[in-house]
Amino acid sequence: MTTFPYSDIVLEHFRHPRNVGKIENADGKATEGSPACGDMVSVYIKVDPKTNTISDAKFESYGCASNIATGSIITELAKGKTLDEAKNITWKEASDALGGLPKIKAHCSVLAVEGLRSAIQNYEERHGLVKEKVPTTVEVVRQRLRRVVNPLTGLNVVRTNLVQDIEVEDGVVTVLIDLPEDHQFANTIREEVLEKIETLWDVKEVAVKFTE
Amino acid sequence: MVDKSIYLDNAAATRLDERVLEAMRPYFFDTYAVATSEFGYSQGIQARERLDEARGVLANALGAVPEEFVFTSGSTESSNIALKGVALALLKKKGSHIIVSRIEDFPVLHSAQALERQGFRVTYLDVDGEGFVDLDRLRDSITGNTILVSIQHANQEIGTIQDVEAIGRICREKEVLFHTDATHTFMRVPLDIKKVAVDLVTVSAHTIHGPKGVGGLCIRQGTQIAKWMDGGFQEFNLRAGLENIPGAVGFARAVELVTPEETKRLQQMRDLLIGRMLAEIPHSILNGHRSKRLPQNANITFHYVEGESITLHLDMHGIAVSTGSACFSRSLEASHVILGIGGDHERAHGSIRFTFGRYNSMEDVDTTVQALAEIVQELRKISPLGKDSGKEDLQ
């Protein structure tokens, strides 16, 4: 008997993903990830402006089984929720709804969760629901890095103390990771850190350094 | 879930041939003694004789004499011995520069990187879009400080066969040693060290329906190489450790069982698969050279879809293949081979390797093409990529 790393629910959503496709004239949309990192997901939402609830959600995925299954479950979970409720759906909740995901696949599946949040943010920006732009500080960077998963543990790099130091100076962000440069996952972590920090509006340059 | 499974990952490991197991059996239960010298006891002498016979078969397959063939635990160890053994032997005598291709398999690549961390200088030669090393660039990279060139016979992923004859001539002319990793070509693509100026050849039993954990390194007589695995005096005092006699016997038997007809049959399956995939699945491209490639290897990228999703769907159809996608690998990195031939990440993530073996049939090809056509079409429907490049015409 083969033990698949995926639960039956994950496999079911992988084989028959729900809510697949684009929403034409979506009220909010966002794409997370890129072909370079191996996974990419686009999330589209329709919002009922009277109640601020998500009336429809769809996704497209270029990615592995975890990515597809999470896109499927997150759009299911989002439908009918208010924007604030939907924004707070965590990776853990999505993962639990799928009967658990392998730790090493956390970085592929977290994209769909972020995709939903970004689509909501996109809606809020378009509808004047956001506050002033916040300047990037060490704390802002640290918060962002909580979305970068340490593939060894499936937990984020801040929580697992891999981020040893963060410096922010004149738009240049330096992140020191407590791993040797030739570590198995050094490149993956570097790419993910870049991806999360480079997009901050006032960041000009990001340097990821390793302790050895 | 499926009644018949189709195994197309023969580059990773092959099914053992029963006849190999039969040949090995007596060396587990009857002649299990250590190989002794001729002054030992009967069972030990028999064990040694049988080991010598197996060595003769292996050496002969490479055009070598028995003294030139050392049994190891597989190609990883063989390549480690080749690179580190030569590095240790020649560091003080000749130099500290090593040349490898950028698309070598990990045993060579990571041995080179390990030596680099110890202070050796390593040149990683780029390859062209089909995976070939540029011979002029190789020639120009060799300096008076160069001790070793290590370039594979054929690539593990895209199957491209290098011109080892020409590489050997350059190395001989420049007086540097030449190692080639022949793990995937052994017994499928001829390599005779009498004709090719190669000094060290890595081979393994696991690719030719032999046992896992057995390989060898062919070392041309007179090659300076330091002992890497210390211990007893086994294997001409080059590789210590109790000899794996059943393994060696199994390896030799596996060699005897490979025929040119079989290799031709694998090539027919390869050609049918490549031809049909490219014709029947739009937006698919072949990685590697069309004809200068391993007879048992096909590697195709299906654009706009990710490899792990493809392999999982294929697995549900009972078909086993591998992919260059990051999600499939233990390091979460995309194939360095596809990136090395100038492909982008998407080309690597969507690449699937099919490798044939003794137990595959033409029918397997048909089933696989049919399953893949459906899977790729379904995955493209949900992919956000390629919408502007005429993907609609597929649906």
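**Exercise 1. The contact of chain B with chain A**

Find how many residues chain B and chain A each give to their contact, and which helices of chain B take part.

*Solution.* 
Step 1. Two residues are in contact if their C-beta atoms, placed from the backbone, lie within 7 Å. By this rule, 20 residues of chain B and 22 residues of chain A form the contact.
Step 2. Helices (H or I, at least four residues) and strands (E, at least two) are DSSP runs, numbered from the N terminus. On the side of chain B that touches chain A, helix 11 (307-316) and helix 13 (345-349) of chain B each supply at least two residues.
Step 3. Sort the residues by class: Ala, Val, Leu, Ile, Met, Phe, Trp, Tyr, Cys and Pro are nonpolar, Asp, Glu, Lys and Arg are charged, and the others, Gly among them, are polar. The side of chain B that touches chain A then has 10 nonpolar, six polar and four charged residues.

*Notes for all exercises.* This is a predicted model, in which local features need pLDDT of at least 70 and side-chain atom pairs count only at pLDDT 80 or more, while totals for chains, interfaces and linings use all residues. Residues are numbered from 1 along each chain as its sequence is written, and chains are lettered from A and ligands numbered from 1 in the order in which they are written.

**Exercise 2. Chain B as a whole**

How many helices and strands does chain B have, and how does its radius of gyration stand to the globule rule?

*Solution.* 
Step 1. Chain B holds 14 helices and 13 strands.
Step 2. The radius of gyration is taken over C-alpha atoms, and the globule rule is 2.2 Å times the number of residues to the power 0.38. For 395 residues the rule gives 21 Å; chain B has 22 Å, which is close, so chain B is as compact as a globular protein of that length.
Step 3. Along the principal axes, the C-alpha atoms of chain B fill a box of roughly 75 × 50 × 35 Å.
Step 4. A residue is buried if 20 or more other C-beta atoms lie within 10 Å of its own, exposed if 12 or fewer, and partly exposed in between, with C-beta atoms placed from the backbone. In chain B, 52% of the 395 residues count as buried.

**Exercise 3. Two helices of chain B**

At what angle do helix 4 and helix 5 of chain B pack?

*Solution.* 
Step 1. Axes are lines fitted to C-alpha atoms, for helices over the stretch in contact, and angles run from 0 to 180 degrees between N-to-C directions. Helix 4 (residues 75-90) and helix 5 (residues 106-117) of chain B pack at about 35°, and their axes are 9 Å apart.
Step 2. The residues that make this contact include B:Leu83 and B:Ala87 of helix 4 and B:Val108 and B:Leu115 of helix 5.
Step 3. By class, the residues of the contact of helix 4 with helix 5 of chain B are six nonpolar, five polar and one charged.

**Exercise 4. The surroundings of B:Phe69**

Is B:Phe69 buried or exposed?

*Solution.* 
Step 1. B:Phe69 is part of strand 2 (residues 69-72) of chain B.
Step 2. B:Phe69 has 25 C-beta neighbours inside 10 Å, and therefore counts as buried.
Step 3. Beyond its neighbours within four places in sequence, B:Phe69 is in contact with several residues, among them B:Leu58, B:Ala64 and B:Cys218.
Step 4. B:Arg220 is 151 residues from B:Phe69 in sequence, but their C-alpha atoms are 8.4 Å apart in space.
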